[in-house]
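Here are a few notes to read with the structure open beside you. Take them one point at a time, and find each residue on screen as you go.

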Amino acid sequence: MPATTDARNAVVEARIAASGGDWARAFDLFSIADESGCLSPPDLVLFADVAQAAGQLDTTIAVWERIYRLCSAAGDTVGAGGAAARVAMHLLFDTAMMAPVRAWLRKSEQLLAAVPDSAAHAWCAVVRSYERLMAGDIDAARGAADRAVAIGDESDVAAAAIGRIVQSRVMILTGEVEGGLGLLDEVGVAVLSGELDPLATGVVYCELVCVLQGLAQYDLAEQWTAAMERWCATDAVGSLHGRCRVHRAEILRLRGGYEQAEAEVLAACEELRPVLRRELGWPLVELGQIRLRRGDIAGAQDAFAEADSVGWDAASGLALVQLARGAVTAASATIRDGLAHPRRVPSKERPPHSALERVPLLEVEVQVELANGDTAAARAAAAELGIISSTFRSKALAAIAAYADAQVRLADRDLAGALARFAEAADSWQDIGAPYEASLAYRGLADAHRAAGNLVQSQRDLDNSRRLYEQRAFESPPSGRGKPLVHASLAREGEYWSVTFEERTIRVKALHGLAYLARLLGEPGREFHALDLSNSGEIGDAGKTLDDEARTAYRRRLAEIDSDIDEASMTGDPQRQAQAEAERDFLVRELSRAFGIGGRQRRSGSLSERARVRVTRSIRSAIAHVADHHQALGAHLNHAIRTGTYCSYCPDPQLVVVWSIRSLD
């Protein structure tokens, strides 16, 4: 299609929008220009990055694949090798499907083998380091990470920073915890100093939190989560928002804010559910944990079962559900099978073959086997937890090990030892700020004191347990003490809205976006699903479950997986073959969901995506209209309004804005 003046103008405007971090607008403009075929190779690279930043990850992968084909046709070996590495990276970070990752990595490494080192080599090494880490091959991960850092230091600071994160992970997993955490601090300094571009900054923030959450360093993870959220308020990119939600949900669950935690993780499921996302199992497992704490056993069962169905390891959660229902024998069988035959999920937080991978299973095994009457099995699990906690020296892991040991000691009638270890666990969990876990430890103390005949102290411990169990951690609104206070108002006056901010009033035409803004401004901090804001009856059918481009992408992935299965079979690697076959089964299931009888495409009844696009555009258009009349208010709204599947008004905590919303119709 020949380029038009409008399309060429769209390219210019898209570049400007991208330079200002307006990812959604830049994506829309690049899409328009791309339809006219007027994107140069450098613009295609920028389009791929913008698509990632806008959360359009399937487009990101598709554009990098196009760049690979264009570079290959032009004889640009380095460009093709670099593009192949980028395809592999996005498949790895955003789908957790390792067979296609390995296919694209092989292409990249073969192309780059005969040319001098460059930034493309650094990124290829970054992806290889993660692929090996997530396969549990720690030595190979270390070698690839070292190569990524060495080349990246000379050619691409972002690749070097991400390579250092893998180096830190390897150090931690091999017992060099202090050195690994120190290296993480160095990477954190690079983020805080602004050395990295927005896309790399987002990845590094997310990876920092992933490492610390996996290590159960909850205090440090919470600090970095808070820093990431401050950055996300204006610069959040791509699927990072969904992952941020899972990390936030984990912290909220730890603090006892179960209602908020469930809302966050459900939103994460909505954002991480699109095609090719095996990683959906991660928030589903977290959802099950939250529901267990809320006493929603049936809901927890549903979440864990769905996580299991997409290939995630949910054995510990399923065993807890069975235990809660009194099916002790079944729970014992589930947890024993989980330990004997782990799923080997390609996880960054708890890589396969690592001690950290076993912690959730061992923690549950102690409870289940004690209920099953197998004290020896529970004792062995508690002892292994003690070794792991000594290796990784995390306060939370130490508390987990202390509580497990105390349970076994109580079963063995070692009352003095049980009392000491339950008290240690209770103190640690209270220091961490985990009321549910502290409540369980106090209940254990009560049981131990009762067994020792100290009924008065037992009752005190029960009271403490009950108080902590009922504790909930909710954010309270800022008091405003010592902070600037701004009174503002938004009033509907027939066909216009009257807006007052910083003692200046403007009148603007009544747009849909202003009505949406009124709801957001009226409830600061609350998240509204786009469907709640929009009139869903006007959105209509969301279209085919999979469009032609998506189906083509699925078929390419299936071909890559089949090739990986053949190679694994020839090299005698049954674990790799089993993982690739599971990925193939997942994709086949996803494809089958898109077709009805006789191969006819099904239509999706979901309105969510249409609502997201419509509401986001309406709100951003309204803010732009306001900014034309009131620059300060426009700037405030641009920074404080979050749009997407979930929309909210989150003003700067250092500025208290009190809005009055009313209709004068």
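Leaving aside its neighbours within four places in sequence, which residues is Trp123 in contact with? Keep that question in mind for the first point, and remember throughout that this is a predicted model.

1. **Trp123 and its surroundings.** Start at helix α7, which covers residues 119–134 and holds Trp123. Once neighbours within four places in sequence are set aside, the contacts of Trp123 are Ala85, Arg86, Met89, Asp156, Ala158, Ala159 and Ile162. With Asp156 there is also a polar contact, side chain to side chain, at 3.1 Å. Trp123 counts as buried because its relative accessibility is 8%, and the cut-off for buried is under 20%.

2. **Helix α6.** Now move to residues 98–112, the 15 residues of helix α6. From first C-alpha to last, α6 reaches 21 Å, close to the 21 Å expected at 1.5 Å a residue. This helix is mostly covered, with 11 of its 15 residues buried. Among the buried ones you will find Met98, Pro100, Trp104, Leu105 and Leu112, and also Arg102 and Arg106.

3. **The nonpolar cores.** The largest nonpolar core has 152 residues, and Tyr130, Val204 and Trp429 are the members that touch the most others. Helix α21 (residues 395–411) supplies the largest share of this core, 11 residues. Another core lies apart from it, with 31 residues that include Leu521, Ala530, Val615 and Ile619.

4. **A hairpin of two strands.** Strands β2 (residues 496–501) and β3 (residues 504–509) pair in the antiparallel sense over 6 bridges. Together they form a hairpin with 2 residues between them. Look for Glu502 in the turn, where phi is positive, at about 50°. To follow the pairing, find Tyr496, which stands opposite Lys509 in β3.

5. **Ser489 in strand β1.** Is Ser489 buried or exposed? Its place is in strand β1, residues 485–493. Ser489 is buried because its relative accessible area is 13%, and buried means under 20%. Apart from neighbours within four places in sequence, Ser489 is in contact with Ser498, Val499 and Thr500, as well as Trp659, Ser660 and Arg662.

Definitions and conventions
Residues numbered from 1 in each chain as written. Predicted model: local features only at pLDDT ≥ 70, side-chain atom pairs only at ≥ 80, totals over all residues. Heavy atoms only, no water. Pairing = 2+ DSSP bridges. Helix = DSSP H or I, 4+ residues; strand = E, 2+ residues; numbered from the N terminus. Buried < 20%, exposed > 50% of the residue type's maximum accessible area, 1.4 Å probe, protein only. Contact = heavy atoms within 4.5 Å. Polar contact = N/O pair within 3.5 Å; in protein donor to acceptor, adjacent residues only side chain to side chain. Expected span 1.5 Å × (residues − 1). Core = buried A, V, L, I, M, F, W, Y, C linked by side-chain atoms within 4.5 Å.
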